[in-house]
Amino acid sequence: MIDINRLETALEKNDMEEVERLVGEISPEQHDEAVPILIKHITITQNPGIRNALAIALRDIGNEKAISPLIDLINDPKTLGSRGTLLYALAPFDCTEHLESIVQQFLTGNFEVQAMAYQLLESMDGKVPADALLKSLQKVKEQLNEIERQREIHADVLDFLFELNVN
């Protein structure tokens, strides 16, 4: 059991080491008290390491109040390049309601982000609003068309290169 005030102080001081130690010691009895503090600080911190530690703590706690703030963060430009852990933190939750955001991350993210978004998409089993599904299908189809266009151009360049003479 930790002193929640010490956790908040460590978060305010950006003390990565202390934050990691304290979030690992949050007991199940403290979850209700800790979740609002974790959510508050995950949304305001500029430190990706602390943000990731808080995301994993929220994942481990499993409180659904974490879903919307995590989705907001993966869509926030400040997290570009460090969204994989945020998506990982969403794994225990039903993210069906956030289909469009997850698809967008799949289409635009790096390898880690794509892998995590793929896992979230694969685990969805809820009902999806028709408009969200249609928009998501359209985005994926557009991306596939662009990939095919690029593949054709690359194949043409490869052919040109093979036709060049060596000095």
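Leu 161 counts as exposed, with a relative accessibility of 52%. The model is predicted. Leu 161 sits in helix 9, which spans residues 130-163, and belongs to a nonpolar patch on the surface.

**Surface patch**
- The patch that includes Leu 161 also holds Ile 153, Val 157, Phe 160 and Leu 164.
- Together these five residues have about 500 Å² of accessible area.

**Largest nonpolar core**
- The largest nonpolar core has 42 residues, and Leu 38, Leu 90 and Ile 102 have the most contacts inside it.
- Two or more residues of this core come from each of helix 1, helix 2, helix 3, helix 4, helix 5 (67-74), helix 6 (84-89), helix 7 and helix 8 (111-123).
- Apart from residues up to four places away in sequence, Leu 90 touches Ile 67, Leu 70, Ile 71, Cys 95, Ile 102 and Leu 120.

**Helix 2**
- In helix 2 (residues 16-23), the buried residues are Val 19, Leu 22 and Val 23.
- These residues lie on the same side of helix 2 because they cover an arc of only 95 degrees around the axis.
- In an α-helix there are 3.6 residues a turn, so residues three or four places apart point the same way.
- The packing partners of the buried residues of helix 2 are helix 1 (4-12), helix 3 (31-44) and helix 4 (48-61).

**Ser 101**
- Ser 101 is part of helix 7, residues 99-108.
- Its relative accessible area is 16%, so Ser 101 is buried, the cut-off being under 20%.
- With neighbours within four places in sequence left aside, Ser 101 is in contact with Ile 71 and Asn 75.

Note on methods: Residues numbered from 1 in each chain as written. Predicted model: local features only at pLDDT ≥ 70, side-chain atom pairs only at ≥ 80, totals over all residues. Heavy atoms only, no water. Buried < 20%, exposed > 50% of the residue type's maximum accessible area, 1.4 Å probe, protein only. Helix = DSSP H or I, 4+ residues; strand = E, 2+ residues; numbered from the N terminus. Arc of directions from axis to C-beta. Contact = heavy atoms within 4.5 Å. Patch = residues over 30% accessible without salt bridge, like charges linked within 9 Å, V, L, I, M, F, W, Y side chains within 5 Å. Areas by Shrake-Rupley, 256 points an atom, 1.4 Å probe, with all protein chains shown as cover. Salt bridge = Lys/Arg side-chain N within 4 Å of Asp/Glu carboxyl O. Core = buried A, V, L, I, M, F, W, Y, C linked by side-chain atoms within 4.5 Å.
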